[in-house]
Amino acid sequence: MAPPATASMLEWLKKVEGVAGIDKLEVSSVGGLEANGGNDLGVFAREGIEAGGLIAKLPQALVISAEKAKGSELGGFCLEVDETIADRWILLLWLMDGRANSEHPMHTYLVSLPSESPTPVAWPPPLRAMLAGTSLGVTVEEERKKLEAQH
């Protein structure tokens, strides 16, 4: 069963024009990954989907991008204050505003996301151990060493 914020996000998606296939999917806990406190979620098909078949369809309007953030009222304000501000900073500010502001067009989606970084760099040791011997595992350990040196 999906957490309440995820369930709200799925209901919100069903109301967005151009979304298709969401009813064929289920979000629930992923078994066997207790290292993250049982908070790991997966997306599962409720029925068979043939090879090459459509899983789900989301309209371009739901794509989160720096361009969308720059085109927002907040993005315009950021550019007025500092026209050299990097796109990524505008995007991050827009995302933070979206989590806090219930009027933000992506609020329901953004509050459904984890509050902690889901990147492998932030994974607990048992999950990171699954990356041992891979190029991703090496990169993750290098990034963790850089973070530890900085902080």
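**View 1. Val 19 and its partners from elsewhere in the sequence.** Setting aside neighbours within four places in sequence, Val 19 is in contact with Leu 13, Lys 57, Leu 58, Pro 59 and Leu 62. Please keep in mind that this is a predicted model. Val 19 also belongs to the largest nonpolar core, a group of 17 residues. Along with Leu 10, Leu 13 and Leu 62, Val 19 is among the residues with the most contacts inside that core. Which elements give two or more residues to this core? They are helix H1 (4–15), helix H2 (66–70) and H4.

**View 2. Thr 6 in helix H1.** Here we look at Thr 6, which lies in helix H1. Is Thr 6 buried or exposed? Thr 6 counts as buried because its relative accessibility is 6%, and the cut-off for buried is under 20%. Once neighbours within four places in sequence are left out, the contacts of Thr 6 are Val 27, Leu 41 and Ser 112.

**View 3. The crossing of H3 and H4.** The axes of these two helices, H3 and H4, come within 10 Å and cross at roughly 140 degrees. That angle makes H3 oblique to H4, because only angles over 145 degrees count as roughly antiparallel. As for handedness, H3 passes H4 in a right-handed crossing. From H3, the contact is made by Leu 74, Gly 75, Cys 78 and Leu 79, and from H4 by Ile 90, Leu 93, Trp 94 and Asp 97. By type, the residues of this contact divide into six nonpolar, one polar and one charged.

**View 4. Ala 86 in the loop between H3 and H4.** Staying with this pair of helices, we find Ala 86 in the loop that runs between helix H3 (73–81) and helix H4 (87–100). Ala 86 has a relative accessible area of 25%, so this residue is partly exposed.

**View 5. Gly 53 and Ile 55 in the loop between E2 and H2.** Two residues share this view: Gly 53 is placed in the loop between strand E2 (41–45) and H2, and Ile 55 is found in the loop between E2 and H2 as well. With a relative accessibility of 31%, Gly 53 counts as partly exposed. Ile 55 is also partly exposed, and its relative accessible area is 49%; the cut-off for exposed is over 50%. Beyond its neighbours within four places in sequence, Ile 55 is in contact with Gly 21, Leu 25 and Ile 49. Ile 55 and Leu 25 are 30 residues apart in sequence, and their C-alpha atoms are 8.1 Å apart in space. For Gly 53 and Leu 91, 38 residues apart in sequence, the C-alpha to C-alpha distance is 33 Å.

**View 6. Leu 131 in the loop between H6 and H7.** Our last stop is Leu 131, which lies in the loop between helix H6 (125–129) and helix H7 (135–150). What is the relative accessible area of Leu 131? The value is 12%, so Leu 131 is buried. Apart from neighbours within four places in sequence, Leu 131 is in contact with Pro 120, Trp 123, Leu 136, Gly 137 and Val 140. Met 106 lies 25 residues from Leu 131 along the chain, and the C-alpha atoms of the two are separated by 33 Å.

Terms used. Residues are numbered from 1 along each chain as its sequence is written. This is a predicted model: local features need pLDDT of at least 70, side-chain atom pairs count only at pLDDT 80 or more; totals for chains, interfaces and linings use all residues. Side-chain values use heavy atoms; hydrogens and water are left out. Helices (H or I, at least four residues) and strands (E, at least two) are DSSP runs, numbered from the N terminus. Buried means under 20% relative accessible area, exposed over 50%, partly exposed in between (1.4 Å probe, protein chains only). A nonpolar core is a set of buried Ala, Val, Leu, Ile, Met, Phe, Trp, Tyr and Cys residues joined through side-chain atoms within 4.5 Å. Contact means heavy atoms within 4.5 Å. Axes are lines fitted to C-alpha atoms, for helices over the stretch in contact, and angles run from 0 to 180 degrees between N-to-C directions. Angles under 35 degrees count as roughly parallel, over 145 as roughly antiparallel, 65 to 115 as roughly perpendicular and the rest as oblique. A crossing is left-handed if the near helix is turned anticlockwise from the far one by less than a right angle, and right-handed if clockwise. Ala, Val, Leu, Ile, Met, Phe, Trp, Tyr, Cys and Pro count as nonpolar, Asp, Glu, Lys and Arg as charged, and the others, Gly among them, as polar.
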